[in-house]
Amino acid sequence: MLKNYFKVALRSLIRNRGFSVINILGLAIGMASAAIILLWVQNEVSYDRFHEKDKRLFEIWENDQRDGGMQSSITTQQLLGPALKKDYPEIENTARIGWNQYILFGYQKKAVKVNGTWADPSFLTMFSFPLLKGDPKTALLDPHSVVLTQSAAKKLFGNENPMGKVLKFDNQENFMVTGLMKDLPNNTQFDFEFLNSSAFLESKGWMDADWTDVSIRTFVLLRPNATSTDATEKIKDMVRKYSRGLSSSTVFLYPVNQLRLYSKFENGKPAGGRIEIVRIFSLVALFILIIACINFMNLSTARSEKRAKEVGIRKVAGAMRRSLVIQFLIESILISVIAGCLAYLILVLCLPAFNQLTQKQLFIDTGNIYYWLNGIGFILFTGILAGSYPAFFLSGFKPAAVLKGAFKKVHALVTPRKILVVSQFTFAIILVICTIIIIQQIKYASERKTGYDRNNLAYVYLEGDIPKNYESIKNDLINSDIAVSVNQTMAPLTQSWSSGSSLSWQGKDPSMRISFDRSTTDGNLAKTMGLQFVAGRDIDLKNFPTDSTACVVNESAVKLMKFKNPVGQTIFDDPVTWHIVGVIKDFILASPYEPTRPIIFKGPKYGRNVMNIKFNSVHNTSQNLASAEKIFKKYNPSYPFEYHFIDEEYAKKFDDEKLTATLAGLFSGLTIFISCLGLFGLATYMAENRMKEVGVRKILGASITSIATLLSKDFLKLVIAAILIASPLAWYFMNAWLSGFNYRIQISWTVFAMAGAASVFIALITVSFQAIRAAVANPVNSLRSE
């Protein structure tokens, strides 16, 4: 019997080739789109869940009352980890880790910059980053030990065994390779190619013993019988205790396997995060699959008149409704299997481009049986979902009515088929509207005035011999007409590397805890960066020797401190008293979607990390860079010349939103294509069914335009209904999304008009082809049998 079912299903597919192709193509594109999204979702939800002890791994977060609310941060004190392990038996182990940086490694005549950081030796035993060579328990015990990933070892040693090799670390210290780590998977928050030991920092006296300074990340491993709730309750006041009240922070444990998706906090409590994007795209995958299935349902039920007699004869011959349901489900599953094979081919071809777009390394694990089982289940689910409604609809025909010719087509105002078409286009139009609004928000924020001049502005990290040769490099750049100005700062102009709420000034409310972004500079803020002074002057150590403790603040800082005449006022930031010499206009330091924060540039009493260069616009960029490289090679020969342009760094701030917009645009295009594919099939069938009606109308004098309009208007009514439903839904979703931005657009009615007009136009093009084709046909051909 099963063999007969498949034989009949195959014959039906071959007999109706056109509709079979539309069904298979629509399902294949829908399945491939859903599969590629689900691969991305699976990668996101699997972040840091591969660790053997992942359910016992937690990161220490700190809550602090400042900036008008409870603020949560992952940066902690360097003393916190060892103190936690010593004081609380519930904590089995702790591991501290620093922030990533590129370090120059030298081996023989080769010098390569490698991305990595330092960590406690316990890091390798707490986390499951397997060592291919070396012992994780001892690999980082020695202060001069380093663990390399496979990629880093390949860069430095080629195919040689790296174990025991001695590297020159940052052109200063000798480090021995004591471990070879497997390259990190693509579903972890960590991103390093080397780890050196915290014991090295301790041997140099670089570990900070201040309980008020937060600068690193701390992870803990709880004992198997301990709970995070109980442990948090015990350790929450630890920083307050050890800092003797100088810090008001409280600490809490947060699961490592939730950091990727649930890292957003509001007023000290978890408030979602990336999980919102994951949920949205999971729904997109589901709806794309549903839209593809709706095509199948619509085309199957549209052909019901042709299959009605088949159903009637089968029932007269003794077929039960159950057997007919199985027959039609097998047809849909067969189509789904063929579409699934085509979808797999599409997925394999498109996955590299999708990986490049999303900066992922997604892959189909063909060696994993669970992938194949999930794939088979996915195909069967799609086939049953697509075939369920047609199967019960077609099998429900009454044989007496059908065989007497009393079978009637439904002309009701609302039918299941119309509802399905409207549902298809509603979702497609929602995606189109969302894409337009996201693009408008990105454009709005990117056109916001930054408050400085990004053109021809680059920075170089102060590394190697650059600090001691800074003046020579600066003079050569300016005297060679390569640069018009050069200065130093603590951090690049697009980043904040330091912030604090410990600043005080005359008249400050003792209860106020507002965080300032802090940087240091040797001056030339206006000439080099284009920052605009509204009062006072720039820092100028050459003409004003006391400017080592001078500072420049922005307008937001002045407003916060309520200074009427800020120049000459003093600010105390332990242990230095700074005097204000200038006020600059507010500029965008961090997020372009957020209001500007109070900022202070301190004079050169403390160190700087970045050299900023304003290149001469008279020369082209390649000439300037080539000339600058020669100068840097002259004074810093051991290091490669690496530069970063501020305009490119600023553009990176929009990467997440641009990716969201690109993906939304891509999938909205696919949903429209799939919907139009089904619409094309319905229009084709409609034109075939109404050929005699069209012939009669033409004989009676109807024009081609009137006939084409008659055949198209019913479909356009459905699209317009979809626009009316989609518009308020899209407004609701996007208004909620925009509420997360302080600097945001107002949603205009033109967005809905554009999306609606585009949808109507696309639907009209899709339907009118078949409508016009039917209208211009010779009526003799359709009426000769009458």
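1. Accessible areas come from the Shrake-Rupley method with a 1.4 Å probe. On that basis, the accessible surface of this protein comes to about 37,400 Å². Carbon and sulfur atoms hold 58% of this surface. Keep in mind that the model is predicted.

2. Start with the whole chain. The protein has 786 residues, and 50% of them count as buried. Its C-alpha atoms fill a box of roughly 105 × 60 × 55 Å along the principal axes. Helices number 24 and strands number 26. Take the contacts with a separation of 6 or more: 79% of them are between residues 24 or more positions apart.

3. Next, charge. The protein carries 87 positive side chains and 63 negative ones. The centres of these two sets lie 13 Å apart.

4. Four strands form it, in the order S16-S25-S15-S26. The sheet is open, and the pairing is antiparallel. Strands S16 and S26 (644-645) stand at the edges with a single partner strand each, so one side of each has no neighbour in the sheet. In general, strands of a sheet pair through backbone hydrogen bonds, either parallel or antiparallel.

5. Look at how S25 is held on each side. Strand S16 (residues 483-489) runs antiparallel to S25, and six bridges join the two. Ala483 has Phe615 as its bridge partner in S25. For Gln488, the partner in S25 is Met611. Strand S15 (residues 457-461) also pairs with S25 in the antiparallel sense, over five bridges.

6. Is strand S25 (residues 610-615) enclosed or open to the outside? Six of its six residues are buried, so S25 is largely enclosed by the rest of the structure. In a regular strand the side chains alternate between the two faces of the sheet. Here, Val610, Asn612 and Lys614 point one way from S25. Met611, Ile613 and Phe615 point the other way. The residues on both sides are buried, Lys614 and Asn612 included.

7. Asp573 deserves a look. This residue lies in strand S22 (residues 570-573). The relative accessible area of Asp573 is 5%, and buried means under 20%, so Asp573 counts as buried.

8. Check two backbone angles. Asp48 is not a glycine, yet its phi is positive, at about 55°. Asp48 sits in the loop between helix H2 (17-45) and strand S1 (57-66). Despite its place in a loop, Asp48 is buried, with a relative accessible area of 2%.

9. Asp481 is the second case. Its phi is positive too, at about 65°, and Asp481 is not a glycine. This residue lies in the loop between helix H15 (470-479) and S16. S16 is an edge strand of the sheet in point 4. Is Asp481 buried or partly exposed? Its relative accessible area is 38%, so Asp481 counts as partly exposed.

How values were computed: Residues numbered from 1 in each chain as written. Predicted model: local features only at pLDDT ≥ 70, side-chain atom pairs only at ≥ 80, totals over all residues. Heavy atoms only, no water. Buried < 20%, exposed > 50% of the residue type's maximum accessible area, 1.4 Å probe, protein only. Pairing = 2+ DSSP bridges. Contact = heavy atoms within 4.5 Å. Lys, Arg positive; Asp, Glu negative; His and termini not counted. Charge placed at Lys NZ, Arg CZ, Asp CG, Glu CD.
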